[in-house]
Amino acid sequence: MARSVVIPSSLAAPNAAGKSGSRLAARLRKLWPGDALRDRVLERVRRRRGSQDLPFTLAYRNIFVLPTWFGTGFGLLLVLTALGGLNFNNNLALLLVFVLGSLAQMTNLLAYRNLTGLTLMAIRSEPVFAGDPLHLQVQLNNPDDRYRYSLELALARASTGDCRDLAPGAQDTFRLSLATERRGWLAVPPLRLQTRYPLAVFHVWSWLFPEQRCLVYPVPAKNPPPLPASGDGRSGSARRGAGDQVYGLRNYRPGDTLKHIAWRTSARHDQLYTKQMETPQEASCVLDFNRLEGRDTEERLSVLTAWVLMAEHRTLPYRLVLPGKTLPADSGPAHRAACLEALALFD
Amino acid sequence: MKSKTVKAGPVNLERFKTPVAYNPMLWVIGTLFVALLPQLASMPATLVVLTLAPMVWRTVAEVRGWKPLPTLLRLAFTLATLVLLVNTYGNLLGRRAAVGLLSVMLALKLLETFRARDARVVASLSLFLCATQFLFDQGMIMLVYGAACSIFALIAFALIARTEAFARIRQPAPPGRGILSELTFGSRLMLLAVPLGVALFLFFPRWGSPLWGLPERSLDSKTGLSDSMAPGSIQSLFMDDSPAFRVSFRGDVPGNEALYWRGPVMWDFDGRQWEAGRSWGRALEAEVLPAREDVDYRYEVQLEPHERHWLFALDYPAFKPPEARRLTRDFQLLTRRAVTDLMTYEVASDVDFLDSPDLEGPLRTMALNLPEGFNPRTRELMAQWRSETPSDPALVRRALAHFNEQPFRYTLNPPLLSRHSVDEFLFDTREGFCEHYASAFTIMMRMAGIPARVVTGYQGGWYNERSGYLLVRQSDAHAWAEVWLAGVGWTRIDPTAAVAPSRVEDGALDALGGRRHWLDYEWVREFRNGMDWMNRAWNDWVIAFDAARQSGMLGFLGVERLDARALVLLLALAMVLTALLVTPWLLRLGRNRERDPVVRHWRRFLERLAGAGAPVSPTMGPLEVAAAAGTMPESDTRDVMRITQAYLEVRYASRAEGRDDLLRDLKRFRPGSNR
């Protein structure tokens with residue numbers, strides 16, 4: 001059910017009373033050692049539990065429950081009301097408090113049930129250049145025949161991430177973005193899967209430590225020197241199959257495009273002929289780490305990265321030469337990925 | 001990697017184009033409205049309008065997407081409302097006033113409620129408001145009210161939580177399985193919470209006596225008798241059908257004409273109204289009490305809270321029940337604290353008791369005292385009667401005969417009287433309600449030199465044959481007179497009975513005739529009275545449950561007294577039991593039960609095979625099982641191959657005809673059974 005989202009300006013600019021309140025709250029929050037405490041507990045849990053191989057199913061030992069601020073306040077309100085009710089022996093007030101209290105307490109089981117049994121199937125990510133946000137696609141599976149509501153997945157140290165429902169038996173992808181700083185392997189940081197379903201009285205969460213890493217390419221140099229001229233002048237073999245020069249004819253085979261049918265020749269004979277095309281091969285360029293003197297390693301890798309992108313853009317075949325590793329001249333996405341990976345992991 | 005921390009800011013309840021049923025803010029407003037209902041009914045109209053106005057504004061603002069009002073405007077509105085509130089209630093100490101303040105403030109809070117946090121505060125405090133309403137009324141209908149408030153609040157909490165979770169990623173919350181299934185789920189949850197709640201209710205140790213009491217001045221008068229009587233004060237009670245008290249008699253039930261329930265006794269007349277407040281009779285303890293062996297009636301009274309100090313009993317109470325502080329010389333039963341909760345007490349009465357054989361000194365003076373300068377015509381008439389009739393009893397009879405023979409009328413709508421009220425009543429209007437007759441008669445007696453006083457209380461009641469108790473309603477309120485005669489002491493005289501004997505025999509409703517309001521039919525009254533046993537049972541079982549009842553709760557098991565430790569143990573036991581019953585339902589952790597019986601039995605079949613040592617695992621498909629069948633014992637191979645083949649056809653080729661056979665085979669198969 002698609003719905004348009006309206007975010008009114010009034011809510012983006014909260015009123016004055018709210019602002020001063022939140023300022024006070026922010027100051028109070030600074031005093032609250034929550035974050036430091038959380039980091040310490042997180043570290044301990046990670047050491048105790050270790051990393052997790054995927055797929056990983058949440059069990060009771062992975063799930064933590066604490067009352068929320070609202071839950072605490074609501075509990076206090078109930079206690080105060082109960083004191084009043086006990087003092088005046090007001091039985092209806094006591095009944096109200098006791099039933100609501102039991103109910104609020106029971107939601108902790110529901111919240112727990114909302115998480116337990118979920119399976120973290122896989123984490124996928126496309127490599128990015130350092131500095132760009134890395135997009136993690138986290139696949140969660142709900143193997144049971146009940147709905148899971150308001151599942152929030154975030155990096156363990158961030159407050160916002162993605163939020164989804166999982167229908168019975170459904171699998172869905174949660175999207176997270178992760179800041180990158182430098183090239184190389186980036187280990188996926190701890191994740192937090194949480195829910196405040198159903199009443200937000202309890203906050204139930206699980207820390208996930210998936211054994212997974214993502215590749216980050218070097219930053220492409222901003223103003224790289226021009227691509228080096230074609231290497232040693234030796235021209236490579238022509239690339240067959242596509243291009244604009246005919247190098248021969250062959251019998252028509254179903255699936256050949258009409259554009260390439262040699263209509264005149266075919267008319268002279270009793271069958272169809274297809275023109276075979278080729279692209280004349282330009283000389284490939286050599287992207288050589290050692291030729292970039294006067295720069296440090298990272299800068300050289302940046303320039304090489306930029307060159308790979310430029311060569312790929314101009315569909316030039318390129319050869320990457322790194323100390324201890326050489327990738328033969330080629331072009332295309334696979335070659336590009338191989339070169340960038342070599343650059344990312346160079347040390 | 002450096003740890004980066006992102007702070008969680010407050011979450012706005014973003015306004016998405018969600019269907020009305022999913023809008024958390026509307027549910028919060030609804031919760032507050034439901035919680036306000038009884039309070040609105042008791043507030044003056046201006047305050048009702050001022051309370052509803054912010055709620056209406058906020059509702060429209062939510063639907064139309066308006067911005068919050070400017071702070072100054074909100075402040076001005078708040079101040080105006082506060083001023084009006086103080087103006088209405090005088091101070092803010094009274095319970096009604098304090099709850100009124102809470103109501104108005106909650107309504108005003110809506111004006112600035114745009115965040116999840118504020119919305120939760122409003123919904124939580126609405127529940128608190130609901131609890132405060134139980135201070136005023138604990139009738140059965142309030143149970144429905146409390147349940148409605150809770151359900152509204154729970155839905156609001158659930159929707160806030162959901163909207164908040166999705167607002168963090170700036171998305172509207174998807175509808176999930178739909179609001180109806182959520183509602184069923186919520187009510188089921190509520191039903192599950194009830195056993196635990198009831199266990200807590202029964203076993204949570206109660207306090208024997210309150211730690212703090214309500215300050216006297218914080219009480220707001222309820223409808224009921226008061227300690228003064230002016231023309232019209234009892235008449236207003238006549239419209240009120242709420243129960244005043246219920247009486248169960250041990251043994252004989254007196255006839256209607258004997259049911260004079262004694263309440264406040266009035267000694268002082270200031271020319272316009274009667275007062276009980278300053279009189280001596282009230283401050284003095286009764287010296288001579290009826291002997292216990294003379295007692296005619298024993299009965300238990302279940303008194304509805306009236307926020308006054310007196311208890312009601314038939315003439316003359318023979319002893320002071322432990323709930324009362326004093327049995328006064330004019331035989332009023334007074335409590336130490338105002339009766340703010342349902343109170344049950346036992347008392348006994350002696351009808352023939354001789355009250356005050358002597359009346360001397362200040363009491364006699366008080367019983368004769370009248371202000372100067374009022375009612376000259378009556379004074380003249382009394383002087384004349386006194387000279388003609390020297391005997392006191394004869395004079396009393398003459399006065400009663402006067403009421404009976406002259407064209408006096410018993411009516412609910414008497415004309416208004418001015419300064420010389422008794423003169424006008426006796427000689428001009430001759431129309432009045434019981435308080436007119438009682439007052440006029442008492443004043444006439446005092447003028448003639450006979451000590452007299454006014455007694456207010458209730459007369460009669462409706463006897464419920466089935467449950468065997470007497471129900472006395474506010475509309476049974478009555479006023480009569482007492483005169484002191486030498487040799488017989490204080491004697492009850494009911495001048496109203498002289499005018500309208502049916503008032504005493506059949507009750508005020510029959511004496512007046514006509515209807516008080518559009519639904520005031522005989523059968524409606526009969527029905528209501530007949531249904532009152534439910535209220536009585538509710539009072540008995542729920543409202544009157546206190547520390548004493550709690551400790552005697554297991555009396556039927558032979559447990560005399562439950563102390564706090566036993567209660568806590570019982571509570572723990574009950575909680576463990578409920579937890580054992582409820583938790584598995586809530587968790588239902590078992591793997592998802594397969595709906596298709598074929599698949600279910602197929603899995604069981606694989607488990608059996610694996611259990612018998614066959615190289616089969618529960619995750620294998622039918623082809624793999626068939627491949628593994630070759631390694632099984634000869635006798636099983638045939639069956640396994642056949643079953644696997646059938647399963648393939650039924651499940652993957654969707655052949656329906658083999659289904660029943662397959663099911664039978666799957667159920668019947670046991671590895672090695674053919675050997």
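How many helices and strands does the secondary structure of chain B have?

1. Chain B has 24 helices and 18 strands. Helices here are DSSP runs of H or I with at least four residues, strands are runs of E with at least two, and both are numbered from the N terminus.

2. This is a predicted model, in which local features need pLDDT of at least 70 and side-chain atom pairs count only at pLDDT 80 or more, while totals for chains, interfaces and linings use all residues. Residues are numbered from 1 along each chain as its sequence is written, and chains are lettered from A and ligands numbered from 1 in the order in which they are written.

3. The C-alpha trace of chain B spans about 130 × 70 × 50 Å along its principal axes. Of the 675 residues of chain B, 38% are buried (20 or more other C-beta atoms within 10 Å of the residue's own, with C-beta atoms placed from the backbone).

4. Helix α4 (residues 95-109) and helix α5 (residues 116-133), both of chain B, have axes that come within 11 Å and cross at roughly 160°. Axes are lines fitted to C-alpha atoms, for helices over the stretch in contact, and angles run from 0 to 180 degrees between N-to-C directions. The crossing angle is why α4(B) counts as roughly antiparallel to α5(B) (over 145 degrees).

5. On the α4(B) side, the contact is made by B:Val99, B:Leu102, B:Ser103, B:Leu106 and B:Lys109. B:Val122, B:Leu125, B:Ser126, B:Leu129 and B:Thr132 make it from α5(B). Two residues are in contact if their C-beta atoms, placed from the backbone, lie within 7 Å.

Note on methods: Angles under 35 degrees count as roughly parallel, over 145 as roughly antiparallel, 65 to 115 as roughly perpendicular and the rest as oblique. A residue is buried if 20 or more other C-beta atoms lie within 10 Å of its own, exposed if 12 or fewer, and partly exposed in between; C-beta atoms are placed from the backbone.
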